[in-house]
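Hi everyone, thanks for coming.

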Amino acid sequence: MDLNNPVFQDGLFGLQKPERLAALETLSKLRQLTWSQLYRDAGLKWEKIASVAPPLGIDALYSLRITRSRRATAYRDGDFLRLLSVARDHDGTYGKK
């Protein structure tokens with residue numbers, strides 16, 4: 001798991017304490033899952049983002065639930081999950097608003 005993206009870090013550290021703690025619990029859970037488990041986990045709701053074209057060199061962007069009210073944007077890079085952002089609202093994950 002790669003958490004080094006500054007946009008992701010700003011979103012994570014900008015969360016209020018209860019949401020930040022929930023996000024850290026989700027990240028801890030992610031560390032323990034296989035790719036197959038991540039794809040099937042009903043709580044994370046991993047889904048492809050079709051409304052936003054991925055940057056050059058990235059096959060697809062995905063969203064996953066990082067807290068009850070927030071979603072993170074990520075992509076798979078080989079064995080790594082690269083986290084890109086934490087949306088301020090649900091629609092922000094999908095390029096809307």
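So, in what order do the four strands sit in the sheet? Keep in mind that this is a predicted model. The order is β1-β2-β3-β4, the sheet is open, and the pairing is antiparallel. At the edges you'll find β1, residues 47-48, and β4, each of which pairs on one side only.

β1 and β2 run antiparallel and are joined by two bridges. If you pick out lysine 48, its bridge partner in β2 is tyrosine 62.

Now follow the chain out of β2. In the loop between β2 and β3, which is 71-77, you come across arginine 68. Is arginine 68 buried or exposed? Exposed counts as over 50% relative accessible area, and arginine 68 has 82% relative accessibility, so it's exposed.

Okay, over to helix α2. It covers residues 17-32, so 16 residues, and spans 23 Å from first C-alpha to last, close to the 22 Å expected. Which residues of α2 are buried? They are Glu19, Ala23, Thr26, Leu27 and Leu30. Looking down the axis of α2, they fall within an arc of 100°, so they line one face of the helix. Here's the general idea: an α-helix has 3.6 residues a turn, so residues three or four places apart point the same way.

On the other side of α2, the exposed residues are Lys17, Pro18, Glu25, Arg31 and Gln32. And what covers the buried ones? That includes α1, α3, β2 and β4, and β4 is one of the sheet's edge strands.

Methods. Residues are numbered from 1 along each chain as its sequence is written. This is a predicted model: local features need pLDDT of at least 70, side-chain atom pairs count only at pLDDT 80 or more; totals for chains, interfaces and linings use all residues. Side-chain values use heavy atoms; hydrogens and water are left out. The expected span of a helix is 1.5 Å times one less than its number of residues. Buried means under 20% relative accessible area, exposed over 50%, partly exposed in between (1.4 Å probe, protein chains only). The arc is that of the directions from the helix axis to the C-beta atoms. Contact means heavy atoms within 4.5 Å. Two strands pair if DSSP finds at least two bridges between them.
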